[in-house]
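Hi everyone, thanks for coming. I'd like to walk you through a structure that may be new to you, so let's bring it up on the screen.

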Amino acid sequence: MSKEDVVSAVRSAGLPVAHMAFPVGSKQGLPYCVFYADEVNSLFADNANYAEVTTWNLELYQSQEDAESEKRLDAAVARAFGPYRKWDAWVESEGCVQTTYAFSQVERKQG
């Protein structure tokens, strides 16, 4: 899976998205998403890396919970990446709701 796969899934839900952050000086209104690779684990056997497991975090920022935006993003993430974990937090400093999606992808390597 690549960054482009995550971008494509989020855009299919009709939401703006950036890797890590939007460019400095750009003004992005809510709702929007950012994503990043939380962790990459290599799987080895017989002295060869045969797969990598990447855990991605996708964060949706909203001024208030928007059930329609979340429903579209839930469906896009499930369709593109399968099972995911999801949780909410209030970001006091920004005055908004952060909904985080975490999902993993296994990429087979050529041995």
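Let's begin with burial: of the 111 residues in this chain, 35% count as buried. Please keep in mind that we are looking at a predicted model. As for the surface, the accessible area of the chain comes to about 6800 Å², and carbon and sulfur atoms hold 48% of that. If you are wondering about dimensions, the C-alpha trace spans about 50 × 30 × 25 Å along its principal axes.

Now, what is the chain built from? There are two helices and five strands.

Let's turn to the helices. In general, a packed pair is described by the angle between the two axes and the distance between them. Here, helix α1 covers residues 3-12 and helix α2 covers residues 67-81. The two pack at an angle of about 145°, and their axes lie 8 Å apart. The crossing of α1 and α2 is right-handed.

Which residues of α1 and α2 meet? From α1 we have Asp-5, Val-6, Ala-9, Val-10 and Ser-12. On the α2 side, their partners are Leu-73, Ala-76, Arg-79, Ala-80 and Phe-81.

Terms used
Residues numbered from 1 in each chain as written. Predicted model: local features only at pLDDT ≥ 70, side-chain atom pairs only at ≥ 80, totals over all residues. Heavy atoms only, no water. Axes fitted to C-alpha atoms, helices over the stretch in contact; angles between N-to-C directions. Helix = DSSP H or I, 4+ residues; strand = E, 2+ residues; numbered from the N terminus. Left-handed = near helix turned anticlockwise from the far one by under 90°. Contact = heavy atoms within 4.5 Å. Buried < 20%, exposed > 50% of the residue type's maximum accessible area, 1.4 Å probe, protein only. Areas by Shrake-Rupley, 256 points an atom, 1.4 Å probe, with all protein chains shown as cover.
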